[in-house]
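Hi there,

Here is the structure I promised to pass on. Have it open while you read, and I'll walk you through what turned up.

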Amino acid sequence: MESLRSIVIGTSGLAIGAVIALVLTLARGYADADEARLRHAVRLAFITIALQAGHFGEELETGFARRFPELLGLAPWPDLFFVLFNVFWLAIWTMSVPALFARRRAALFPLWFLGIAGVVNGIAHPLLAIRAGSYFPGLYTSPFVGMMAGMLLSSLAAITEPAAREIGRA
């Protein structure tokens, strides 16, 4: 029960990011861009996913699943949970990229979420290291993830348009 409590509280920031991603998916509408801008978004998504995979590897190797919950006064997360959670999202993000290229709206939610989570990673890990007074798991890769995720968010905004405009387009 303590592990479940730790997981729910420890991942609550990601839940907020998911809600924001859902709002963006609904508010921004379909990927409505020329082929070049769409290809650019697809490339950024693949690069961001690759960097996030490396970031997960750093976190796994350096004990993020133990250190982060402990910093919050919570029980460490089970390794199995941490691995399955990250592999699940890496798979969803990877499957979303071809769907984005096919202009499927369902692809946007996971990719908005990737961008939001990546930017948060890029900010949070350095702050966690400052709070810890030393290296904190995930610190080395987080700035790269954060920068690329910011570029992905900008690209997603560029290839989508507010849903209100879609209504006026018959």
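Let's start with a salt bridge: the side chains of Glu2 and Arg5 meet at 3.3 Å, N to O. Both residues sit in helix 1, 3 residues apart, which is about one turn of the helix. Glu2 has 41% relative accessibility, so it counts as partly exposed. Arg5 is partly exposed too, with a relative accessible area of 42%. Before going further, keep in mind that this is a predicted model.

How many salt bridges does the structure hold? There are 4 salt bridges, and another one is between Glu35 and Arg103, with the closest N and O atoms 3.9 Å apart. Glu35 belongs to helix 3 (residues 35-62), whereas Arg103 is in the loop between helix 5 and helix 6 (108-132), so this pair ties together parts that are 68 residues apart in sequence. Glu35 is partly exposed at 39% relative accessibility, and Arg103 is partly exposed at 31%.

Then look at Glu70, which forms a salt bridge with Arg66; here the closest N and O atoms are 3.7 Å apart. Glu70 and Arg66 are 4 residues apart in helix 4 (residues 64-71), so about one helical turn separates them. With a relative accessible area of 40%, Glu70 is partly exposed, and Arg66 is partly exposed at 41%. Salt bridges with shared partners also join Glu35, Arg39 and Arg103 into one network.

Back at helix 1 (residues 2-10), you will find Leu4.

Now for the aromatic rings. The structure holds 15 aromatic pairs. One of them is Trp89 with Trp93: the ring centres are 5.8 Å apart and the planes are at 35°, so the pair is tilted. In case that wording is new to you, a pair of aromatic rings is described by the distance of the centres and the angle of the planes. Trp89 and Trp93 are 4 residues apart in helix 5 (residues 79-101), so about one helical turn lies between them. Are these two, Trp89 and Trp93, buried or exposed? Trp89 is buried, and so is Trp93.

There is also a cluster to pick out on your screen. Ring pairs link Phe56, Phe64, Phe68, Trp77, Phe81, Phe82, Phe85 and Phe136 into it. Another ring to find is that of Tyr30: the charged end of Arg105 sits over this ring, 4.8 Å from its centre.

Last stop: Gln52, which is found in helix 3. Gln52 has a relative accessible area of 6%, so it is buried; the cut-off for buried is under 20%. What does Gln52 touch, if you don't count residues up to four places away in sequence? Gln52 touches Leu90, Trp93, Leu114, Asn121 and Val145.

Cheers

Methods. Residues numbered from 1 in each chain as written. Predicted model: local features only at pLDDT ≥ 70, side-chain atom pairs only at ≥ 80, totals over all residues. Heavy atoms only, no water. Helix = DSSP H or I, 4+ residues; strand = E, 2+ residues; numbered from the N terminus. Phe/Tyr/Trp six-rings, centres within 6.5 Å; stacked < 30°, edge-to-face > 60°. Buried < 20%, exposed > 50% of the residue type's maximum accessible area, 1.4 Å probe, protein only. Lys NZ or Arg CZ within 6 Å of the ring centre and 35° of its normal. Contact = heavy atoms within 4.5 Å.
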